[in-house]
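Thanks for making time this morning.

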Amino acid sequence: MPTGATPVVATCTRDCPSACGLLAHVENGRVVKLTGNPDHPVNLGTVCRKVPAFVRRMNSPHRVLTPLRRRNGSWTAVSWKDALDEMADRLKDCVERLGPESILYYMGFGERTALKILNARFFAHLGGVTTLRGTLCGGTGYAAQSLDYGPRVSHDPVDLANARTIVLWGRNPAATQFGLMPHLRKARQRGAKVVLIDPRNSESAALADVHIRPKPGRDAFLALAVAKYIIEQGWQDQEFLAKHTDNLEAFFDLLARLSFEELLAACDVEALAIDALARDYIVGRPTATLLGWGLHRFTLGHEMIRAVDALGAVSGNIGIPGGGVSQGFEEWGPYDQVLWGTNLHPPRRTFLMPQIGREILEASDPPVAMAVISAANPVCMAPNSDLVAQALDSVPFVVTMNMFLDDTADHADLFLPCAAFYEQRDIVASFGHNMVGPLLRAVDPPGECRSQFDIFMDLATRFPFAGEYVKSEEAWLRLLLRPLLEKGVAWDDLWRGPVRIPDTPLVPWADGRFDTPSGRFQLLTEVTTCADCRDAARYPYHLLTVGGARHLCSEREPGDGDGPADLSMASEVALRLGIADGSPARLVSPLGSLIVTVHHDATLRPDVVTCARGGWLKGGQGINRLIPDMVSEVGQGTPYYEARVDVEALS
């Protein structure tokens, strides 16, 4: 393994759209520092505040270094042979007695690389186990934009160089997509205007010239108000609307049925802000709109996203350099999709990811007899966490693959310790840009830790399909990367540094042709009425569980940040309730309560409270215990932000 001053090229594999290019600095067989790769065209050598925490976490003394088997409530170290022998025997027994659907494979988003596709292929070889549908993250946005454009394609981040106005609509790159920051800073330096639309004063507010704070979940009405204003002023791009859109008459009828007063009341934004935002989209054109993942987190998130898409069309910002309504990319797209293995068996049972707890508990014919969890911590990160824990406790045998004994490990029977991302070789694509980057093995995994690739290859030797499945790392990577290689990408170039995926446009839809049945952009024709949430009287506050700047979801280590979760609420509201800044309080939802530490925020809307997501239940946090396990109407996403809560002073 490399040592000394020469850094090793890496790419961040964590659940973040930036997929930043990194350099791993090695001393005495350990990675001691990660820095940004200056040759990466997106993050341009920068890194976020999470990166030093990655190094501390992966060098942590709490990291599990050997397989563990739970017996009589306690963990005991076992050999890899014994661990995989038992895992294989139990898989075979489930298939023989109850059929492959009695096995649940829960593949999370904690690590996204090419070789992870082979995990799913292993289970396909078993005959088709129960897998997941829906998402805890971006499915609503993908499905919504697919209705408007066809399969989602966004503007490449480097196209921000052409924007005169940039609208961060529910997006917080300063904390959750730091790879955009160099491009946003350059845009500011050359005079571009930045508008932030977010109910809270996020970390990205420091970038913004204007901050609009709509009522949570009402962004559709804000976008429609701006579109209505543009049309009534006669500023719309009539040529684009006439030549390239469907449903124009129905869209105009929708706007006619909604008065300005109704729209402004629904989103709780002043008329002057509507006028200013309309001018940003017209006079400030080209205007790039960057949609955030917060918009997905509502039952009707698709309406919000489609309304913003429609505003992009009305204002003439679709298909032009520096414009667009961009949300993300398909990070699995560059690979050979056949290798997922879905062709190896008939369609099988799937469980809704947003409701995984109840899906497991209600499963019959067959019930879930075994669960295998990789790159995920569902007990912490899925909504209605206590129900998820109860569900895993009902499964006779649970295997989890991770680096730490997290909340999910507390409900597992077998723990398999995994390599960190820079301790393995792989290729990384992104859901935030058009690059693929290399992951080189900078150091050996500590102790007995192994990559998931090595784990599944070893496990497969115990099955009759080993002859087809067990191949070398390089052999599988060449098969997975076949689409890139056939488009002219050189194999050696993939390992030197980031490579742009061929045929990916910097500016999608520039020819005015969309990937819809008619070849035209689809304007939305209806939105749901503006009625308040069912629990508004008893639970007056919207709970927004936001991504933090220091941690990525639940990627913590034992003892990191233990104690009550920090809750921000409007200063005047907290004082009215008799809750001093920095004092404890009880956060209450229909599902239960949690002790939190309240922090006053003079900038926050009075109907909103916020808390960073990802704190462990075992550390006294676990905010998802209070969030109902609902499903979005489109895309089968998780509407975390539908949670309503109350805050009570402690006597």
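Asn 43 sits in the loop that runs between strand E3 (30–36) and helix H1 (50–58), where helices (H or I, at least four residues) and strands (E, at least two) are DSSP runs numbered from the N terminus. This is a predicted model, in which local features need pLDDT of at least 70 and side-chain atom pairs count only at pLDDT 80 or more, while totals for chains, interfaces and linings use all residues. Residues are numbered from 1 along each chain as its sequence is written, and side-chain values use heavy atoms, with hydrogens and water left out.

Is Asn 43 buried or exposed? Asn 43 counts as buried because its relative accessibility is 0%, the cut-off for buried being under 20% relative accessible area with a 1.4 Å probe and protein chains only. A polar atom of the Asn 43 side chain lies 2.9 Å from the backbone nitrogen of Gly 21. Leaving aside residues up to four places away in sequence, Asn 43 touches Cys 20, Gly 21, Gly 36, Asn 37, Gly 179 and Pro 182, contact meaning heavy atoms within 4.5 Å.

Turning to the lining of the largest pocket, its residues divide into 16 nonpolar, 15 polar and seven charged; here Ala, Val, Leu, Ile, Met, Phe, Trp, Tyr, Cys and Pro count as nonpolar, Asp, Glu, Lys and Arg as charged, and the others, Gly among them, as polar. For the second largest pocket, the lining has seven nonpolar, nine polar and seven charged residues.

Conventions:
Buried < 20%, exposed > 50% of the residue type's maximum accessible area, 1.4 Å probe, protein only. Polar contact = N/O pair within 3.5 Å; in protein donor to acceptor, adjacent residues only side chain to side chain.
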